Amino acid sequence: MGNALDAIRDFPPLVKREVGYQLDRVQRGFEPTDWKPMQAIDAGVSEIRI
């Protein structure tokens, strides 16, 4: 969302790897390891926490 991709590119390599892993889990239909609902944005929206 917004400049998220640019922000991720600035993360340290190990953090980028974890972000990629968590996004892959979501794309494959699994829940991320650590997340919380963000109902203020919309129902079904989740924040992935790294």
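Let me begin with contacts along the chain, a contact being heavy atoms within 4.5 Å: among those in the protein chain between residues at least 6 apart in sequence, 17% join residues at least 24 apart. Please keep in mind that this is a predicted model, in which local features need pLDDT of at least 70 and side-chain atom pairs count only at pLDDT 80 or more, while totals for chains, interfaces and linings use all residues. Residues are numbered from 1 along each chain as its sequence is written, and side-chain values use heavy atoms, with hydrogens and water left out.

As for the overall layout, the protein chain has 2 helices and 2 strands, arranged along the sequence in the pattern α-α-β-β; the helices (H or I, at least four residues) and strands (E, at least two) are DSSP runs, numbered from the N terminus. The C-alpha trace spans about 30 × 25 × 15 Å along its principal axes. The accessible surface, from the Shrake-Rupley method with a 1.4 Å probe, comes to about 4400 Å², and 54% of this belongs to carbon and sulfur atoms. Of the 50 residues in the protein chain, 6% are buried, where buried means under 20% relative accessible area, exposed means over 50%, and partly exposed lies in between, again with a 1.4 Å probe and protein chains only.

Let me turn to helix 2, which covers residues 13-27, has 15 residues and reaches 21 Å from its first C-alpha to its last, close to the 21 Å expected at 1.5 Å a residue; that expected span is 1.5 Å times one less than the number of residues. Leaving aside residues up to four places away in sequence, Gln-22 touches Pro-32, Thr-33, Ile-48 and Ile-50. The side chain of Gln-22 is also joined to that of Glu-18 by a polar contact of 2.7 Å, by which I mean a pair of N or O atoms within 3.5 Å, where within protein one must be able to donate a hydrogen and the other to accept it, and where residues adjacent in sequence count only if both atoms are side-chain atoms.

Moving past the end of this helix, we find Arg-28 in the loop between helix 2 and strand 1 (35-37). Arg-28 counts as exposed because its relative accessible area is 60%, and its side chain makes a polar contact of 2.8 Å with the side chain of Asp-24.

Now for the strands and the loop that links them. Ala-40 is found in the loop between strand 1 and strand 2, and it is exposed, with a relative accessible area of 84%. The C-alpha atoms of Ala-40 and Asn-3, which are 37 residues apart along the chain, are separated by 20 Å. Ser-46 lies in strand 2, residues 46-48, and at 38% relative accessibility it counts as partly exposed. Which residues does Ser-46 touch, not counting those up to four places away in sequence? They are Trp-35, Lys-36, Pro-37 and Met-38. Between the C-alpha atoms of Ser-46 and Gln-27, 19 residues apart along the chain, the separation is 13 Å.
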